[in-house]
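Please open the structure in the viewer and keep the selection panel at hand.

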Amino acid sequence: MMRVSICGCGWLGLPLAKHLVQNGYETYGTSRDRNRISQLAAAGIHGVELSLPIENPQAENCDGRQGQYADFFNTDILVINVPPGRGEGADAAFVAKIKSLSAAAQVHGCKRVIFISTTSVYGSVAGEVTESTAPVPDTASGKAHRLLEQWLYDQWGEEVVVLRLAGLIGPDRHPVKFLSGRTALANGAEPVNLVHLDDCIQAISCVIACWPTQSVLHLAAPSHPTRQVYYTKMATLAGLPLPDFAPSVVVQGKEINAEQTFAVLGLAVTHPDLMAMSPEYD
């Protein structure tokens, strides 16, 4: 039985772990909260309490805890799904966390790594963005993710796949909640780049099931309505106050074209049309 370990069982990681369990994988998952370990176990997931960064990750027992992480890191595939956090120093801390995680994985015999990254590594480039577009990040988070992508390639070579995700939507998560009722919003003419949770899970599952030769992949729904059109409709569907967008000149924002990733993974997108989906959140 193939073993998959997921570092970060949150909004994406937990349903991914449950999906893998249902498909016959021996699945491990981490949480910083000790009380959530029993919840993971109830779903058939081997729960591991883990806080990052790991102290002394090169040590055989990972900071002297009698090898409690050995089973987690001695895995066929480690999915690194850790959010960067916010606030001063968050991006430097994020880099340190992922580097310590990678080092511990190498000590304990992990074979391959999937790093969940972000399309923000492309920065503010205009026009169509494909998997071969050169990243030019212009935010602290984008720069941190790009640094880690390159560092992981140096550490793992062909045994790492980077999956850059566009903005995430799905149950309990939709940006219209935060834009509703706001006024004079900018960039209403720019296209949106979003991807549904279901398609993220399917894409990661495809990488796990059949390791691709292409090491850089990214994911976004193939439809790209403008921000103004999209968020106005989503607010209407959700019964929320409409967002107000300031008049803006027509600009060419970036559009994430993921056709190559779909082809490489043999992935049929579950939610291709963003306008056809209702927002899902509490």
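This is a predicted model. Begin by selecting Val-79, Ile-114, Ile-208 and Leu-219: these residues have the most contacts inside the largest nonpolar core, which comprises 42 residues. Next, select helix H7, residues 197-209, which supplies the largest share of this core with eight residues.

Which residues does Ile-208 touch, leaving aside those up to four places away in sequence? Display its surroundings to find Met-2, Val-4, Leu-20, Tyr-25, Ile-77, Val-79 and Ile-114. A second, separate core can then be shown; it has 27 residues, among them Val-48, Leu-52, Phe-94 and Val-95.

Turn now to the strands. Seven of them form an open sheet with parallel pairing, in the order S3-S2-S1-S4-S5-S7-S10. Select strand S3 (46-49) and strand S10 (216-219) at the edges: each has a single partner strand, so one side of each is left without a neighbour in the sheet. From one strand to the next, the twist averages 20 degrees.

Within the sheet, select strand S4 (residues 77-80) together with strand S5 (residues 112-118); their parallel pairing extends over four bridges. Ile-77 has Arg-112 in S5 as its bridge partner.

Helix H1 (residues 13-22) touches strand S1 (3-7), strand S2 (26-31) and S4, and its direction makes about 170 degrees with that of S1. Helix H5 (residues 140-156) touches S5, strand S7 (160-165) and S10, and its direction makes about 165 degrees with that of S5.

Notes: Residues numbered from 1 in each chain as written. Predicted model: local features only at pLDDT ≥ 70, side-chain atom pairs only at ≥ 80, totals over all residues. Heavy atoms only, no water. Pairing = 2+ DSSP bridges. Helix = DSSP H or I, 4+ residues; strand = E, 2+ residues; numbered from the N terminus. Axes fitted to C-alpha atoms, helices over the stretch in contact; angles between N-to-C directions. Contact = heavy atoms within 4.5 Å. Core = buried A, V, L, I, M, F, W, Y, C linked by side-chain atoms within 4.5 Å. Buried < 20%, exposed > 50% of the residue type's maximum accessible area, 1.4 Å probe, protein only.
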